Every structure is written in C-alpha cells, then in structure tokens.
Amino acid sequence: RSGVAARASTGIEIEVTGRSSHASEPHNGLSPIPVLANVAQKIDQLSTGISEPEATSPALITLVHMTIGKPGDFGVLPAIGTLGATLRADNTRTLNKLVASLVDLVHEEARRPEANDDNGYHIQYKLVEPFDATVNSDFGFSVVKKAVSSLSTNQYRVYQEDGGASHVSLDLTIAPKPFPWSEDFGAFTAA
C-alpha cells in the first residue's frame, strides 16, 4: 500500500496530584478522583474532529488503566491518581494534536468548580513508546508491486526440511487502509 501503512501511536501516563487528607475529613483534601473520572467519561469524544480530512480511520484514544489510592487504605483520601491511555492516528501531526487535546482536557477538568480548588492540582504526563506512522513512498510501493506482479505469473517450488516440496505462487494483495497497530519501522520511513 502506498502512503500510510501502519498508524502512529503513543502511550501516555498522566498523573494528577492533589492533597491527601483523613477519610473522615475529605473537605480538607483535594482528591484526583473527580478529575480523572470526568476525563475517563469524556475520553471517547475527544478524538472527534481531530482526524485530518484525508485520514482513512478516525483518531482513537483507548483508556487502558486508571489507578487512584491503594486497596485497604480506608482511612485516607488519596492524593495521587494516574490514567494511562493509548492514542492512535494516521500521522504524527494528528497524534500530537490528540496528545495536546487530552492534556488540555485534564487541565480543564482540574479547574472545574467541583474540583474544590482552583489551582491546587499538580499535573504531569509522559509519553510511553511513541511510534511514528509507517509511510510507504509511492516509488517504493511501485517497485514492490512490480516485483510481486512479475513473480505472480510463475509457480515456485518451495523445499521443505523433510525433503518434500510444494508449489506456490505469489499474489499481490493491497491493504485497503492502514493497519491499526503501530510499528517502530515508522522511524525509518520518516527519515
């Protein structure tokens, strides 16, 4: 396939830190729960309108985990919560827009009145295993297409370890759209 063969993606870990308190006095703390809960509820809508017009598939955010507090800590309002997600898009430019939109959403939710405090949250994030889109050039695709097409008219004998042989022929199948997964090979095609 010419153009995007595999989508760009990155994992993102977002940490929201508020203020811990005793569970009997939650009003003295600043819980990350309302921020992360609201983000989790809105995450599916976030990619709407982010995709480029030429995109073959919409940009996508998949929530993969959320952690707030520790099991058994019934006497503590937790101060720290994390959210992990995987973001995917047809190109790196759109992926970067998606990252910025998600981080903006977290900051926006941290400023909501229900958060009990205007600027009391500390928000940080890191990208995990970012992959550029794998993009095939028109020229490279035409070379491969020509080579496979010339081979598909012939049958080839494939020898097996047990001494037997079978006949195979090659057929060219062109993917109708990019693969949804990502591949570190995108770093080479970007160069």
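Student: What should I know about the numbering and the model before reading it?

Tutor: Residues are numbered from 1 along each chain as its sequence is written, and side-chain values use heavy atoms, with hydrogens and water left out. The model is predicted: local features need pLDDT of at least 70, side-chain atom pairs count only at pLDDT 80 or more, and totals for chains, interfaces and linings use all residues.

Student: How many helices and strands are there in the protein?

Tutor: Helices (H or I, at least four residues) and strands (E, at least two) are DSSP runs, numbered from the N terminus. The protein has four helices and 10 strands. Their order from the N terminus is β-β-β-α-β-β-β-α-β-β-α-β-β-α.

Student: What share of the residues counts as buried?

Tutor: Buried means under 20% relative accessible area, exposed over 50%, and partly exposed in between (1.4 Å probe, protein chains only). Here 32% of the 191 residues count as buried. As for contacts (heavy atoms within 4.5 Å), take those between residues at least 6 apart in sequence: 75% of them join residues at least 24 apart.

Student: Which strands make up the open sheet, and in what order?

Tutor: Two strands pair if DSSP finds at least two bridges between them. The open sheet has four strands in the order β4-β6-β2-β7, with antiparallel pairing. β4 and β7 are the edge strands, each pairing on one side only. Direction ignored, neighbouring strands of this sheet are turned by 15° against each other on average.

Student: What are the partners of β2, and by how many bridges is each joined?

Tutor: β2 pairs with β6 (residues 80–89) over 10 bridges, in the antiparallel sense. Within that pairing, E15 stands opposite T82, and V16 has G81 as its bridge partner. β7 (residues 122–131) also runs antiparallel to β2, with eight bridges between them; there, I12 is partnered by L127.

Student: Why is β2 described as largely enclosed?

Tutor: The count of buried residues decides it. Eight of the 10 residues of β2 (residues 8–17) are buried, so the strand is largely enclosed by the rest of the structure.

Student: Where do helices α1 and α2 lie relative to the strands?

Tutor: Axes are lines fitted to C-alpha atoms, for helices over the stretch in contact, and angles run from 0 to 180 degrees between N-to-C directions. α1 lies across β2, β4 and β6 and runs at about 165° to β4. α2 packs on the sheet, where it touches β2, β4, β6 and β7, and its direction makes about 15° with that of β2.

Student: What span does α2 have, and which of its residues are buried?

Tutor: The expected span of a helix is 1.5 Å times one less than its number of residues. α2 (residues 92–110) has 19 residues and reaches 27 Å from its first C-alpha to its last, close to the 27 Å expected. Its buried residues include L95, L98, V99 and L102. The buried residues of α2 pack against β2, α1 (33–46), β4 (60–68), β6 and β7.

Student: Where is N91, and is this residue buried or exposed?

Tutor: N91 is in the loop between β6 and α2. Its relative accessibility is 17%, so N91 counts as buried. Leaving out residues up to four places away in sequence, N91 touches A8, E52, E54 and A133.

Student: What does the side chain of N91 reach at the start of α2?

Tutor: A polar contact is a pair of N or O atoms within 3.5 Å; within protein, one must be able to donate a hydrogen and the other to accept it, and residues adjacent in sequence count only if both atoms are side-chain atoms. Here a side-chain oxygen of N91 reaches to within 3.2 Å of the backbone nitrogen of R93.
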